[in-house]
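The sequence and model come next.

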Amino acid sequence: MKPWRTHFLTSLLITGLCISSTHATEILGAGATFPYPLYSKMLSAYNMKTNIKVNYQSIGSGGGIRQLLNKTVDFGATDGFMSDQELKNSREAILHIPMSLGAVSIAYNLPGITKLKLTGAVIANIYLGQIKTWNDPQIQKINPRIKLPATQIVVAHRSDGSGTSAIFTDYLCKVSLPWQQKVGQGTSLNWPTGIGAKGNEGVAGILKLAPGSIGYIEIIYAKQNKMTYAEIQNKAGQFVSPSLETIAAASDIKIPADTRVSITDSKKGYPISGFTWIIVYKNQNYGNRKESQAQDLTNLLWWMTHDGQAYSAALDYVSLPKSVVAKAEILIKSISYNGVKVKK
Amino acid sequence: MSLKTIKNTQQKERLFQSLLSASGVIILVLVIGVFITLLIQSMPAIIAHKFDFFSHTTWDPVSGQYGGLSFLVGTLLTAFLALLISIPFSLSIAIVLGEYLTEGWIALILKTAIDLLAGIPSVIYGFWGLFVLAPWIRNLEIKLGVLPYGVGILTASLILALMIIPYAASLGREVIRLVPAELKEASLSLGATRYETVRKIILPYAKSGISAGFLLSLGRALSETMAVTMVIGNSNLLPTSIFSLGNTMASVLANEFSEANGSIYISSLLEIGLLLFVVTTIISLIGRRIIKKMSVHQ
């Protein structure tokens with residue numbers, strides 16, 4: 001009996017030793033996957049310049065928000081802004097700092113057809129399963145010059161919870177009342193029809209596999225993989241193809257001071273666009289944070305919204321328009337430690 | 001031997017034993033810990049929708065409806081279909097490598113190839129399934145006149161079958177090789193052919209071990225995530241045929257967990273995790289019983 005007890009105690013001790021914690025001294029961030037290539041480029045450049053190491057994990061927007069709320073990271077990143085309710089629940093004030101702009105392209109596989117126009121209502125009806133073939137009068141009407149085939153439409157959507165889905169369905173809710181009532185807006189949805197595929201690469205795979213398919217894909221992925229995507233009608237009635245200029249143009253609306261705004265269904269530019277944000281606590285004195293950590297974080301955010309923007313274009317990201325950078329400056333300057341503003 | 005060395009040896013022995021029991025305790029603590037965590041975390045969901053979880057097929061995070069029936073059906077359907085498809089192949093491979101081709105370079109190549117199959121990352125299987133297998137299935141579906149998606153329950157089961165063959169085949173091979181030579185020789189000396197020996201002596205002797213291999217591969221099929229997610233079509237509707245799109249418990253978790261927000265939503269996802277844990281445990285317990293009943297009493 002006795003030796004067994006010793007064994008047991010020793011083993012518990014060893015178990016306990018195995019679960020030891022590690023201490024990190026670098027800046028930690030986690031969240032959205034969409035801006036990951038941009039952030040990782042920016043952060044490695046920042047590391048070379050200042051010798052400050054920033055570790056960003058692209059675990060998804062929802063994960064980024066959760067990690068910030070659990071205070072396990074210095075900053076979170078998200079493609080969809082937190083709702084008023086979510087902000088209220090967090091008790092401590094959270095700031096949304098815009099970092100870049102993204103867009104969702106509507107890609108399709110119709111052999112021989114390289115130019116296609118679509119309206120919001122038509123896209124909604126396709127995703128509701130009401131338009132079933134490509135030569136449907138609703139599609140034919142806006143593409144009078146193209147001879148559309150009688151092929152069945154294979155609808156593809158994201159199966160993983162995604163900011164891309166959130167922007168896409170935010171747009172559909174604005175342009176289609178039936179969509180708003182039946183499906184709604186979110187990162188994961190109860191899709192009435194279609195194949196669910198994981199990630200942009202999964203949707204691209206379905207598009208490649210099945211002629212007659214349609215799917216929504218994050219624009220940079222679509223561009224880099226040379227996919228065919230449609231021109232979408234904006235609120236002013238123009239058919240617009242997504243590009244750096246048209247996406248930036250979509251943000252030319254009245255932006256609130258906290259920058260939490262949806263810019264889909266815009267009058268100007270490409271109508272399925274959106275911001276991506278980094279989220280931080282306004283008061284940096286929480287947990288065991290030191291003032292120097294708050295200083296480092298604030299400097300990083302300032303650099304990312306200013307000099308860091310230079311890395312956008314080469315990676316096909318849209319840099320923030322000047323008006324938005326001005327809003328971001330005010331937000332970053334409001335970050336405080338013990339009631340004292342961190343950025344001088 | 002001096003007293004000191006004896007004491008030293010005893011100490012070493014004790015340390016070794018402690019290390020062994022520590023490993024055992026860690027495993028036990030982990031498994032029970034996982035179960036308790038899942039149970040506690042899924043409590044809000046269990047309280048919120050009681051048994052609706054098992055009877056409803058609507059999974060709608062936007063309106064807050066969480067029914068898990070189609071995921072449960074999808075998991076069981078794909079796993080058992082995959083097992084059914086894989087059995088003839090893994091059994092033949094086990095017999096060939098365990099009895100007919102035990103030595104030589106062909107055996108070595110075959111053996112290496114099978115082991116290699118188990119080492120391929122599942123995302124590669126997923127991509128292969130999506131880009132190579134799915135177009136074939138699509139052509140088949142066009143010929144059969146069903147909706148040509150290419151992906152779905154059948155495609156997922158085929159991929160899974162391919163992935164689980166090595167597990168059952170490797171274990172089966174080892175077990176078949178363990179069949180005592182006297183038994184085989186006795187059978188052959190009585191005038192039985194090789195086929196008869198395999199069927200009447202080797203397989204009955206090795207069947208519990210072979211079944212353990214099938215159980216192992218079934219467990220693998222139940223929990224496989226990435227490859228299935230890529231080819232099953234991820235539709236939350238209840239599958240109506242093997243050509244339907246479907247979804248499994250593991251793939252819903254993989255798909256939605258990272259972006260889930262809202263406590264009931266996360267809790268419902270964890271309830272799926274709990275369900276998967278319980279289903280795997282039940283199937284493994286049933287399997288163990290079957291193996292025990294089958295095993296040869298000596």
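## A buried lysine

A:Lys198 lies in the loop that joins strand S7 (195-197) to helix H9 (199-209) of chain A; helices (H or I, at least four residues) and strands (E, at least two) are DSSP runs numbered from the N terminus. The model is predicted: local features need pLDDT of at least 70, side-chain atom pairs count only at pLDDT 80 or more, and totals for chains, interfaces and linings use all residues. Residues are numbered from 1 along each chain as its sequence is written, chains are lettered from A and ligands numbered from 1 in the order in which they are written, and side-chain values use heavy atoms, without hydrogens and water.

A:Lys198 is buried but has no salt bridge, and the nearest side chain of opposite charge, A:Asp160, is 4.8 Å away. Buried means under 20% relative accessible area (1.4 Å probe, protein chains only). A salt bridge needs a side-chain nitrogen of Lys or Arg within 4 Å of a carboxyl oxygen of Asp or Glu. Lys and Arg count as positive and Asp and Glu as negative, with His and the chain ends not counted.

Not counting residues up to four places away in sequence, A:Lys198 touches A:Ser159, A:Asp160, B:Met226, B:Thr229, B:Ala254 and B:Asn255; contact means heavy atoms within 4.5 Å.

## The interface

Chain B brings 39 residues to the contact and chain A 44 residues. About 3100 Å² is buried between chain B and chain A, 60% of it from carbon and sulfur atoms; this is the accessible area (1.4 Å probe) lost on putting the two parts together, summed over both.

Definitions and conventions
Buried < 20%, exposed > 50% of the residue type's maximum accessible area, 1.4 Å probe, protein only.
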